[in-house]
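Subject: Structure handover

Hello,

Here is the structure I said I would pass on. My notes on what was found follow below it.

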Amino acid sequence: MRIGELAQRTGVTTRALRFYEAQGLLAARRSANGYREYDEDDLQLVKEIQTLQTVGLTLEETRPFVECLRSGHDTGDACESSIEVYRRKLEEADALLAKLGGIRAELTAKLVAALARQAPDPCVVPDSPRP
């Protein structure tokens, strides 16, 4: 398939596909007329990159998964280097969650303190009916 079809089937722009190629993540073969040619393996590779980016991996962090697929594995996470990326990203996520938990606790304490200092609402007398 040519670049336009790969872009259409994956939902990625042709510009992104060219960028993947420039980064060494995607290797296009050239036809006699110079058009880029891709196959089903390339389709799987681009889908793998997309999926990984959706869960927060950078393009560079997808490289071990791409290499794993290129080495003949059915999935990009069948290799130890890919699993290590998962582990590292989970550690990063845990650290972020801990930081957010601390921020949340601090904000909650500030809210409770602010509410405790708040003066009670004055008694509100409803408007009396007008004749």
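Arg 30 sits in strand β1, which covers residues 29-30; helices (H or I, at least four residues) and strands (E, at least two) are DSSP runs, numbered from the N terminus. This is a predicted model, in which local features need pLDDT of at least 70 and side-chain atom pairs count only at pLDDT 80 or more, while totals for chains, interfaces and linings use all residues. Residues are numbered from 1 along each chain as its sequence is written, and side-chain values use heavy atoms, with hydrogens and water left out.

Arg 30 counts as partly exposed because its relative accessibility is 49%; buried means under 20% relative accessible area, exposed over 50%, and partly exposed in between (1.4 Å probe, protein chains only). Leaving out residues up to four places away in sequence, Arg 30 touches Glu 21, Tyr 35 and Arg 36, where contact means heavy atoms within 4.5 Å. Its C-alpha atom is separated by 24 Å from that of Leu 59, 29 residues apart along the chain.

On the chain as a whole: the protein chain has 5 helices and 2 strands, in the order α-α-β-β-α-α-α along the sequence. The radius of gyration is 27 Å, whereas a compact globule of 131 residues would have one near 14 Å; the value is taken over C-alpha atoms, and the globule rule is 2.2 Å times the number of residues to the power 0.38. The C-alpha trace spans about 95 × 45 × 25 Å along its principal axes. Of the 131 residues, 27% count as buried. Among contacts between residues at least 6 apart in sequence, 46% join residues at least 24 apart.

Helix α4 (residues 63-70) is mostly covered, with 6 of its 8 residues buried. Those buried in α4 are Arg 63, Pro 64, Phe 65, Val 66, Cys 68 and Leu 69. They pack against α3 (40-54) and α5 (80-117). Just after α4, Gly 72 has a positive phi of about 110°.

One item comes from a record: an unreviewed UniProt entry carries the annotation "domain: HTH merR-type" for residues 1-68. UniProt positions are given in the numbering used here, feature names are shortened, and annotations may be inferred rather than shown by experiment. In the model, residues 1-68 are 56% helix and 6% strand, and the end C-alpha atoms of this span lie 22 Å apart.

Regards
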